Amino acid sequence: MEQLEYKLYNSACLEIKPGWQLEDLLAHLDELLPKQKVKDMDRGLATKSSNIYAEIVKLHKPQKYRMELNEAYTRLRFSRFVEFEAHYLELELPTLRLLQHSLPECVALANILANKAPTLTDVLNLYLRLLEELRPFYDSFVDIDELCDVLQPYPITTKHNTRVFPLKERVYLKLSIADPFASYGSMAIEIIGPTEDVAQLRHVLSDGLSSWDMELDMHKNLLRIFDLCYFPMPATVELGETQRAADDQQLCNICYVYRLDSGEVPIVSCDNQRCVLKCHAACLKEWFDTLADGKTFLEVSFGQCPYCKGKLSTSFAALLKN
């Protein structure tokens, strides 16, 4: 029977300095432990490294995905998966620590991999399985992205789980999916626009959601609910963002910019139908914050329109939440 030797390392036999935190101890571990102990640890790491690189050779399947290594062989990237062209997965070698991925931000991929994927092969197989499970989530947005004037997010990526697009003049829909693995069960639809329009359309939406047709996709269901043949499209699709930025009526009436660095565009308008205000939610929030009589109740902020000085209310929680 193999004899195991146990040694106790503490501040009495190791030169641990007062006030050290855990990260300090780990950073100086090779200086503190006996040299033979360090050699044993290095040998274990080398064994793990050799196993990882042997796996990489076995996993090389260019017909199914693309694999890339950096010059130092410390980063591995999978990309261009068959049927999932836009997706990618990047790992640190040999630790398999997750560096980057293309799944929605709300998916706790790092935790999933740490608990269920001890080897590189396990990591890849689990990622491929997740992509397949997320297929309905991505399919939900296909027609909306192609047939609606999606204003936010911009540009759309595989990591986004929301869409904002026009319903009619001065009124917009915000579609969110909180759990990409249960698209319909976690779907939320918010209506953004003047208070009177929103109140009326909420009743229409509520009635329509009660008769949601699971045989139809989200785009067709929304068209049916609002009794539309199609949602508004960009006036100049071929010019896109350049044309919009050149159109003064599209610029924010507060900061005079079309799209902020955050990706937000001007979609907030005044409750007064005769007022021409159109601005970013972030800009209006800054304006409300300067008002002495501004109030917030149940996540709805009340203030004064910077243009017509009329009463204006909006939910910044809903507008500024990604």
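## A quick tour of the predicted model

With a relative accessibility of 14%, Arg-170 counts as buried. That residue is one stop on this tour of a predicted model. The protein has 322 residues, and buried ones make up 39% of them.

**The whole protein**

- The accessible surface comes to about 19,700 Å², and carbon and sulfur atoms own 53% of that area.
- Take the contacts in the protein with a separation of 6 or more: 44% of them are between residues 24 or more positions apart.

- You'll find Arg-170 in the loop between β5 and β6 (171–177).
- Arg-80 also isn't a glycine, yet it has a positive phi of about 50°.
- Arg-80 belongs to strand β2, which covers residues 75–81.
- At 48% relative accessibility, Arg-80 is classed as partly exposed, whereas Arg-170 is buried.

- Going from Leu-93 to Pro-94, the peptide bond is cis, with omega near 0°.
- Pro-94 is placed in the loop between β3 (84–92) and β4 (98–101).
- The peptide bond from Gln-152 to Pro-153 is cis as well, and its omega is near 0°.
- Look for Pro-153 in the loop that runs between α6 (135–147) and β5 (162–168).

**Rings that pair up**

- Searching the whole structure turns up seven aromatic pairs.
- One of them joins Tyr-65 and Phe-81 in a tilted arrangement, 6.0 Å centre to centre with 55° between the planes.
- Tyr-65 sits in the loop between α3 (35–58) and β1 (66–69) while Phe-81 is in strand β2, so this pair ties together parts that are 16 residues apart in sequence.
- Both partners are tucked away: Tyr-65 counts as buried at 6% relative accessibility, and Phe-81 counts as buried at 1%.
- Phe-137 and Tyr-138 make an edge-to-face pair, because their planes are at 70°, with the ring centres 4.9 Å apart.
- Phe-137 and Tyr-138 are both buried, too.
- Ring pairs also link up into a cluster, whose members are Tyr-65, Phe-78, Phe-81 and Tyr-127.

**A charge over a ring**

- Arg-163 has its charged end sitting over the ring of Phe-141, at 4.0 Å from the ring's centre.

**Cysteines without disulfides**

- A disulfide is a covalent bond between the sulfur atoms of two cysteines.
- There are zero disulfides in this structure.
- Cys-255 is in no disulfide: the nearest cysteine sulfur belongs to Cys-283 and is 3.7 Å away. The cut-off for a disulfide is sulfur atoms within 2.5 Å.
- Cys-255 has a relative accessibility of 27%, so it counts as partly exposed.
- Cys-106 is another partly exposed cysteine, at 39% relative accessibility.

- Helix α10 spans residues 281–289, and its buried residues are Ala-281, Cys-283, Leu-284 and Phe-288.
- Seen down the axis of α10, those buried residues fall within an arc of 160°, so they line one face of the helix.
- On the face of α10 turned away from the buried side are the exposed residues Glu-286 and Asp-289.
- Cys-283, with the sulfur nearest to that of Cys-255, is one of the buried residues of α10.

- Phe-181 is in the loop between β6 and β7 (187–192).
- With 36% relative accessibility, Phe-181 counts as partly exposed.
- Setting aside neighbours within four places in sequence, Phe-181 is in contact with Val-107, Leu-130, Glu-133 and Leu-134.
- Among these, Glu-133 is 48 residues from Phe-181 in sequence, while the two are 6.7 Å apart in space, C-alpha to C-alpha.

Note on methods
Residues numbered from 1 in each chain as written. Predicted model: local features only at pLDDT ≥ 70, side-chain atom pairs only at ≥ 80, totals over all residues. Heavy atoms only, no water. Helix = DSSP H or I, 4+ residues; strand = E, 2+ residues; numbered from the N terminus. Buried < 20%, exposed > 50% of the residue type's maximum accessible area, 1.4 Å probe, protein only. Phe/Tyr/Trp six-rings, centres within 6.5 Å; stacked < 30°, edge-to-face > 60°. Lys NZ or Arg CZ within 6 Å of the ring centre and 35° of its normal. Contact = heavy atoms within 4.5 Å. Areas by Shrake-Rupley, 256 points an atom, 1.4 Å probe, with all protein chains shown as cover. Arc of directions from axis to C-beta.
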